[in-house]
Amino acid sequence: MAERFTKSMARNIYVGGSTFFILLFLVLTFDTQSRAMPERDNRDQLTEQVEHGKHIWEQNNCIGCHSLLGEGAYFAPELANVFLRRGVGDSDVFKAYMNAWMNAMPTNVPGRRQMPQFNLTDEEIDALAAFLEWTSKINTNNWPPNVEG
Amino acid sequence: MPYFVFALILFAGQIVFGLILGLQYVVGDFLFPEIPFNVARMVHTNLLIVWLLFGFMGASYYLVPEEAQTELYSPLLARIMFWIFAVTGTLTILGYLFVDYATLADLTLNKLWPTMGREFLEQPTVVKLGILVVIVGFIFNIMMTALKGRKTVINIVLVTGLIGLALLWLFAFYNPGNLATDKYFWWFVVHLWVEGVWELIMGAILAYVLIKITGVDREVIEKWLYVIIAMALISGIIGTGHHFFWIGPPEYWLWLGSVFSALEPLPFFMMVLFAFNMVNRRRRNHPNKVALLWAMGTTVMAFLGAGVWGFLHSLAPVNYFTHGSQITAAHGHMAFYGAYVMIVLTIISYAMPIMRGRPYGNSNTAQILEMWGFWLMTISMVFITLFLTGAGILQVWLQRIPESGDALSYMATQDQIAIFYWARLVSGCFFMAGLVIYLGSFFIKGQATAADEVRGPATLDS
């Protein structure tokens, strides 16, 4: 670095640059949260059952194997679009599917990845299904690319 | 010193669980149902976070008083915080392992204030509060120390980074019922830690070690430090946008996230230039050669892992296909190892011998052994990353790129890429071997002397 470039200039770039970008980030966050997200995350359909489903999702650490909207572990299938993949977009079909699936675990096939039995009640499985259905309707800029997630 | 020792013990634990996970990827029912994958993964990632925090704390307790040319404000408080953190951390891990997660959530009254069950933030709410108490107590102690003594740039940057770390941790307590909002603010902890304030902490520790080992003028080092952290924050803050592509936020983040994450390799590239420049201009040849190896290694690996591997998939059109694939896992492994594991091992390599009464470093034999550990772990990590990248590319090709109907399902794809997982597991075993050799180097007696300094005056600066 040239000698003309002094330490105080470097400090000013640091202080000025980071202050500017922190403020910009806050403005963008405000815009995203207050203007854009209400139209994109279908929050008008966020029922108590959906919230309950999210709680069950968290309480059983589902994210420890699965990904949801591409985030989480990569050990088991993506679930943000499982409503479309397994429920073909129909609430009743999906709930029936979820009930059968959750109760059939674990498969105990030797050598295969195993999903634990979480002992959820029918009501809890319905809530979980409602949560995953709601999640599939968030506007994600068309992610994932196909139904396999 | 207890901070460093405990950090290394947890590091070893992390790698053991890493191997379990690696095996579960190919032998799905290994240890099932005793330790299901989600539990092992939680232990693996939480141990990493906790031991790195221990490392940062140990580093701060070591270097802040010395930079400030004063004594630590309260050694007693530091000891109390150590035990609180160690006990809380150990209990949490044991809780993960021996109690069913849903039961753990009930036992710790997660209902009252649900914050559990989110990636990396799996800790019970009461543990999160405990971590907050430890961080606040620690920062108070460090700040009181820094304020009463000489205010160097390194101390200012380090303390700024630590305060940012504490403030951002508060977002761990915010868990709205709306998943899209939850995820948005979850990144305030995760991204703004590792691609924001942690870079400040890393920069400060690196600058400190380079001053000590190369003897280069403080003014020069501080100028570089400012430029590096300026680049880190300028690119990294809006760079958070690369996580907002597909989780609900509007389309302008596609542009912002792509452009600013294209800049994110810059601070890491500057760190490489910084370290190698300072070494070329060094005024002394410190006999602790292995500490210098770590310092140079961390910049290169952080640049590759965080910079290059980050950029590979952070442009929106690429990320559309790679998001949440094994490419992400590849990047995560090398970035964390290169930037944060290695910077903590750098300061340990420099400070530990001094604290053990060996001001010029460990004996030559111990240093050579530690270098073997360095190369084995680092090269193994390169291979882990390469194999995961191979797995990821194939996964994207089979599962993501074809249209619905033609694409292979997730599990069918996993079967196809199993060979890469086996190769990754083998690399992981070599990493473990490297770690054993590294830890073994601590048990070799003897020390380097001033006479080992090849050129220049061996200053008694310890």
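Student: Is Phe188(B) buried or exposed?
Tutor: Phe188(B) counts as buried, at 5% relative accessibility. Buried means under 20% relative accessible area, exposed over 50% and partly exposed in between, with a 1.4 Å probe and protein chains only. Keep in mind that this is a predicted model, where local features need pLDDT of at least 70, side-chain atom pairs count only at pLDDT 80 or more, and totals for chains, interfaces and linings use all residues. Side-chain values use heavy atoms, with hydrogens and water left out, residues are numbered from 1 along each chain as its sequence is written, and chains are lettered from A and ligands numbered from 1 in the order in which they are written.

Student: OK, and where do Phe185(B) and Phe188(B) sit?
Tutor: In helix 7 (residues 179–214) of chain B, three residues apart, so about one helical turn separates them. Helices here are DSSP runs of H or I, at least four residues, numbered from the N terminus. Phe185(B) is buried too, at 13%.

Student: Which aromatic cluster has Phe185(B) in it?
Tutor: One whose members include Phe25(A), Phe171(B), Phe188(B) and Trp253(B). Rings of Phe, Tyr and Trp (its six-membered ring) pair if their centres lie within 6.5 Å; planes under 30 degrees apart count as stacked, over 60 as edge-to-face and the rest as tilted.

Student: New topic: what lies over the face of Phe75(A)?
Tutor: Arg113(A), at 4.5 Å from the ring centre. The rule wants NZ of Lys or CZ of Arg within 6 Å of the ring centre and within 35 degrees of the ring normal. Arg424(B) lies over Tyr25(B) at 4.9 Å.

Technical notes. Helices (H or I, at least four residues) and strands (E, at least two) are DSSP runs, numbered from the N terminus.
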